[in-house]
Amino acid sequence: MHTEKSFKAVFLKDIFNDTGYSEDMLINEGKLWFVYDTLLCEEIHNLALPMWATPNYRAKLLNISQILVKALFGLYKHEEKSRLQGGVLVDAILKNFTDFSKKPTKRKMIIYSAHDTTLLALQIALNVSNDQLPPYAACHIFELHQEDDGNHSIDMFYHNHTGADPHALLLPDCGTPCTLQRFSDLVTPIIAEDWKKECEDKDGKCTNGAIAGLASALSLMVLINIIQLLFI
């Protein structure tokens, strides 16, 4: 079994040398995911990859990146993080649906363009994530329907493969159909009443650091232990 010392010596040291990132930046600041994402973008756009970016190297980076990104949005203080992250988009979507259910308009569709991490934050906030990084052109679809009894319901779908149709996503405990009212009740805990106030740190400032500060030393230690298992 590899020890933490050998793990850092064998793999992290290589990344230090190959990328120029320090250990603190790679682990505590999540730059490991930046390394993986950069290599992925270069590969998709048919750019030549560095000699050190072998398939095995990138596979390890992918596994670690998925854990790191999940830790950013979930694992520890999931609800509190969601109120500052994915819950912001949930709030906007819910407001659009609620407004339309009360006063329909000619608008039939609203499209948001976002980063993969935005999509992941949304899905983790809703507890519907598959724990995988969203691929290029992935799409999370919300549909508002009016039932025969006049009430409105919400369907969700995820399109994450160009060779397959979107597949249904079910909000936990919402049932089928998932009524708009039930959906609203279930997502209320992840919607901040005053985002700026909840985001502020002890100095009254709202920064990325304040959000990232929700991570704990304990969760980081657990994360390091999980990462080490990938190299056994």
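Phe-183 is buried, with a relative accessible area of 2% (buried means under 20% relative accessible area with a 1.4 Å probe, counting protein chains only). Phe-183 sits in helix H8, residues 180-187, and all of this comes from a predicted model, where local features need pLDDT of at least 70, side-chain atom pairs count only at pLDDT 80 or more, and totals for chains, interfaces and linings use all residues. Residues are numbered from 1 along each chain as its sequence is written, and side-chain values use heavy atoms, with hydrogens and water left out.

**Around Phe-183**
- Setting aside neighbours within four places in sequence, Phe-183 is in contact (heavy atoms within 4.5 Å) with Leu-94, Leu-126, Phe-142, Ile-154, Met-156, Leu-171, Cys-174 and Cys-178.
- From Phe-183 to Pro-172 is 11 residues in sequence and 9.7 Å in space, C-alpha to C-alpha.

**The overall picture**
- The protein has 11 helices and 4 strands; these are DSSP runs numbered from the N terminus, with helices being H or I of at least four residues and strands E of at least two.
- Out of 232 residues, 32% count as buried.
- Accessible surface comes to about 14,200 Å², and carbon and sulfur atoms own 55% of that (Shrake-Rupley method, 1.4 Å probe; for residues, only the protein chains shown count as cover).
- Among contacts with a separation of 6 or more, 56% are between residues 24 or more positions apart.

- The average pLDDT is 80, and 80% of the residues score at least 70; pLDDT is the predictor's confidence in each residue, from 0 to 100.
- Over residues 215-223 pLDDT stays under 50, and the model has 8 contacts for that stretch beyond four places in sequence.
- Where pLDDT is low, the predicted coordinates should not be read in detail.

**Helix H7**
- H7 is mostly covered, with 7 of its 10 residues buried: Leu-119, Leu-120, Ala-121, Leu-122, Gln-123, Ile-124 and Ala-125.
- The cover over those buried residues includes H4, helix H5 (78-84), H6, S1, S2 and strand S3 (167-169).
- After H7 comes Asn-127, which has a positive phi, near 60 degrees.

**The largest pocket**
- The largest pocket holds about 1,300 Å³ of space. On a 1 Å grid over the protein atoms alone, a pocket is an open set of points with protein on both sides within 12 Å along at least five of seven lines, while a cavity is a set where a 1.4 Å probe fits but cannot get out; lining residues have an atom within 4 Å of a point.
- Grid points are joined across faces, edges and corners, and a volume is the space filled by probe spheres set on the points.
- Of its 46 lining residues, Ile-110, Ile-111, Tyr-112, Cys-139 and His-140 are the closest to the centre of the largest pocket.
- Two or more lining residues come from each of helix H3 (31-44), helix H6 (86-102), helix H7 (116-125), strand S1 (139-146) and strand S2 (152-159), with S1 giving the largest share, 8 residues.
- By type, the pocket lining splits into 28 nonpolar, 11 polar and 7 charged residues (nonpolar: Ala, Val, Leu, Ile, Met, Phe, Trp, Tyr, Cys and Pro; charged: Asp, Glu, Lys and Arg; polar: the others, Gly among them).

**The cavity**
- Searching the whole structure turns up 1 cavity of 30 Å³ or more, and the largest cavity has about 40 Å³ of space.
- Its lining is Gln-66, Lys-70, Leu-120, Ile-124, Ser-129, Asp-131, Gln-132 and Leu-133, with helix H4 (55-73) and H7 each supplying at least two residues.

How values were computed. Buried means under 20% relative accessible area, exposed over 50%, partly exposed in between (1.4 Å probe, protein chains only).
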